Amino acid sequence: MMSFNHFKKKLLGIFGKREGLLFDKDIMHPARDWFFVIFAGLIFLLAGGFWSVSVYTQFSNVSVTEVSETTEGGGYQQGLVNSALLELDQRILKYNNLKSTILGNKKYVPVPEVSEAEASEPDEEAVEVPVEEEVETNDESATPATPVSESEIVPTSDFF
Amino acid sequence: MSTKTRKILIISIISVLVTMGFLGYFFSEIRAQGQLLEEQINILTDNNSKQATNARVKREVLETSSEREQLASSFFKDEGDSIVFLTEIEELAKNSGLKLRTETLDKVPASDTVLESIKVVFVYDGPKSLVFNFSELMESLPYHSRVESLNLRQIVDNNWEGRLTVFVTIKSS
């Protein structure tokens, strides 16, 4: 049975003056300090390694060859251009036919209409009086004064 | 605590602080270099993208030059083209036997809905078929044009008169 005096003696042994000891274990404890330092170093090492690996993986797969063309398909409208060119060609053909007819070279052949071209660029308004689509070339009034060949017709500003 | 112990303690603390300082410096330096690398990569990617777009546009310009020129030819480039146009139309009418006079030749300024254009009013008379064919020819001008109005009336038996207003668009290149 432990008495009060025995406890007091033990507590004094712990918290009391350390007279007679070779060193103070509160300040320097080799086993504790070694364990603490090695543990802390290990933590630092693992954290640093983890961070290094994450940085490496972040930048190891960097590629600058990827090209993102953000303006793809936003500029030139090929379909609209083709439609306009088709209508222009038809107008040129019709114009040449009518010109030849007026100058008495040949009979006017109506140009078949293309709905796509009409739908894309309807730039002519309806006239008040419909115009005949076919005219006899041997009309007495259609005087063939200066025959014009089709080869001289080119779609430029000097078209006429 | 002995003097030697205190010295060792102080040296240890200083060593730890210096080591921590170096580690912190290295850490911040690596982060800064990483951010710089990311920015440079973004700039390089943008640059590559612009170069690719530029190359594509150049290729498109070269490939489409002929059709764009063809389209551009369907517009009056300036008012001078209208003189050539009038001369040719008058020559055509003269050669075909039509009496033609140009009543109006105006430049119409551009508005919100209409491009700048040349307004021409022709008055012509002659045989019916010729007047009708000429009217249709004016509707089929190989230009970006529109016929605003066309009035046809019979003067005498087979003699008709036409009055046609046509707009031809001007588009300077």
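Colleague: At roughly what angle do the axes of helix H3 of chain A and helix H2 of chain B cross?
Modeller: Helices and strands here are DSSP runs numbered from the N terminus, of at least four residues (H or I) and at least two (E) respectively. In this predicted model, the axes of H3 (residues 78-102) of chain A and H2 (residues 65-72) of chain B, being lines fitted to C-alpha atoms over the stretch in contact, with angles from 0 to 180 degrees between N-to-C directions, come within 10 Å and cross at roughly 50°.

Colleague: What does that make H3(A) relative to H2(B)?
Modeller: Angles under 35 degrees count as roughly parallel, over 145 as roughly antiparallel, 65 to 115 as roughly perpendicular and the rest as oblique. The crossing is at roughly 50°, so H3(A) is, relative to H2(B), oblique.

Colleague: Which residues of H2(B) make the contact with H3(A)?
Modeller: Contact requires C-beta atoms, placed from the backbone, within 7 Å. From H3(A) come Val81(A), Ala84(A) and Leu85(A), and from H2(B) come Glu67(B), Gln70(B) and Leu71(B).

Colleague: Over how many bridges do strands E2 and E4 of chain B pair?
Modeller: Strands pair if DSSP finds at least two bridges between them. E2 (residues 117-127) of chain B pairs with E1(B) in the antiparallel sense over 9 bridges, and Leu100(B) stands opposite Tyr124(B) in E2(B). Ile118(B) has Val168(B) in E4(B) as its bridge partner, and E2(B) and E4(B) (residues 159-169) pair in the antiparallel sense, the number of bridges being 11.

Colleague: What ipTM does the predictor give the complex?
Modeller: Residues are numbered from 1 along each chain as its sequence is written, while chains are lettered from A and ligands numbered from 1 in the order in which they are written. Chain B averages a pLDDT of 90, with 99% of the residues scoring at least 70. For the complex, the predictor gives a pTM of 0.56 and an ipTM of 0.74.

Conventions: Predicted model: local features only at pLDDT ≥ 70, side-chain atom pairs only at ≥ 80, totals over all residues. Contact = placed C-beta atoms within 7 Å. pLDDT = per-residue confidence, 0-100.
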